[in-house]
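This report describes selected features of a predicted model. Please view the sequence and the structure together while reading.

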Amino acid sequence: MALHIALDAMGGDRGPGELVSGAVQAARESDLEISLVGDQALLGTILATHGAPSSRIHLVHASQVVGMDESPFDAIRRKKDSSIMKAFALHKEGKVDAVVSAGNSGATLAAAIKLLGRLEHVSRPGIAGIFPTLKGPVVMMDVGANVDCRSEHLFQFGVMASAFSQVLFGHDRPRVGLLSIGEEGGKGNVLVKKSHELFQQSSLNYIGNVEGRDTFQGDVDVMVCDGFVGNVCLKLSEGLAEAVMGMLKEEIVKSFKAKLGYLLARDAFASFKKRVDYAEYGGAPLLGIQGNAIVCHGRSNAVAIKNAIRVASEMARNKVNDRILELLSLHRLLGQQDDTNVLAAGVTP
């Protein structure tokens, strides 16, 4: 039976047209069923211009839209018929296998937790970013969902990202690194030092602390950090990739020799651009919820949406959550040590 993906077709900065185009591309390149959630009349008009495989693309009406600048919690409380809430409601009812959204990321996270709930033993779901490296993709978690964390949370991020890396990228024992300001175990703030101790006690393939410069080397498969640090890394990487491409274009047009060199190396430039393009990875998996979801960049184009739908289907098909639960079960008592210490100190988690 074909998998069914719900797309929040009203989210994002580029408008429904780009999202529908990505969904149509995904349907043409797979056997997936796709539900476009949003203004049914508008989406139907856009869809009609694509000549899409109508038997596998469905329209689900939602009368409201969550804006990119709205408060996530206010939005999901007041806009129960919004496209993002409706998409996750379909998932909760078992009508779809995953949700993809390029809309308000906070509202996406809040809607997922409210309607689907957390996986057993997960304190906080998080967003896992996928970065290109010299040797293959690296998974960084968290990249924005949790800006204030405890060591228990970082440890669980490592477990969940390891499970994702195993299932999606085929790593039997993903190498896990803890992002810090130095490779030595004593480096970092209190959070990093306590997290380092938890990882050392686990059966994960923990290689120790790693630094920011290691992100793109490919010598680690999973990098763990809090959402504040991770989001800075994500935005810095996006900005750097855009700046490098811009600088190259500026230099190429300066001389005839540079233009000639570009013509000779055009294929290499195209390959490089594809490797560093966020659209090739689709979006960031939301891990730790009782379901499957991809959070896309607000600027996602049709290619990014197509690939996000593909990754969402792979998560559902390969049962990422089953592997997460297995790993969490193995490390449950270890991950709860920090909670025990917090409670003993009289602090509410």
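## Aromatic cluster

In this predicted model, Phe155, Phe199 and Tyr206 are linked by ring pairs into a cluster. The structure holds four aromatic pairs. In one of them, formed by Phe155 and Phe199, the ring centres lie 5.2 Å apart and the planes meet at 55°, so the pair is classed as tilted.

Phe155 and Phe199 are both buried. The rings of Phe199 and Tyr206 have centres 5.1 Å apart and planes at 20°, and because planes under 30 degrees apart count as stacked, this pair is assigned to the stacked class. Tyr206 is buried, as is Phe199.

## Helix 8 and its surroundings

Helix 8, which covers residues 227–252, has 26 residues and reaches 37 Å from its first C-alpha to its last, a span close to the 38 Å expected at 1.5 Å a residue. At the start of this helix, a side-chain oxygen of Asp226 comes to within 2.9 Å of the backbone nitrogen of Phe228.

The buried residues of helix 8 are Gly227, Gly230, Cys233, Ser237, Glu238, Met245 and Ile252. The elements that cover these buried residues include strand 5 (126–131), strand 6 (138–141) and strand 7 (175–179), together with helix 9 (256–264) and helix 10 (266–276).

Ser35 is located in strand 2, which comprises residues 33–38. Its relative accessibility is 4%, and Ser35 therefore counts as buried, the cut-off for this class being under 20% relative accessible area.

The side chains of Ser35 and His4 are joined by a polar contact of 2.7 Å.

## Domain assignment

The domain assignment of the chain gives two ranges, with domain 1 spanning residues 3–116 and domain 2 spanning residues 129–236. Taken over C-alpha atoms, the centres of domain 1 and domain 2 are separated by 30 Å.

Notes:
Residues numbered from 1 in each chain as written. Predicted model: local features only at pLDDT ≥ 70, side-chain atom pairs only at ≥ 80, totals over all residues. Heavy atoms only, no water. Phe/Tyr/Trp six-rings, centres within 6.5 Å; stacked < 30°, edge-to-face > 60°. Buried < 20%, exposed > 50% of the residue type's maximum accessible area, 1.4 Å probe, protein only. Helix = DSSP H or I, 4+ residues; strand = E, 2+ residues; numbered from the N terminus. Expected span 1.5 Å × (residues − 1). Contact = heavy atoms within 4.5 Å. Polar contact = N/O pair within 3.5 Å; in protein donor to acceptor, adjacent residues only side chain to side chain. Domains from an automatic or database assignment.
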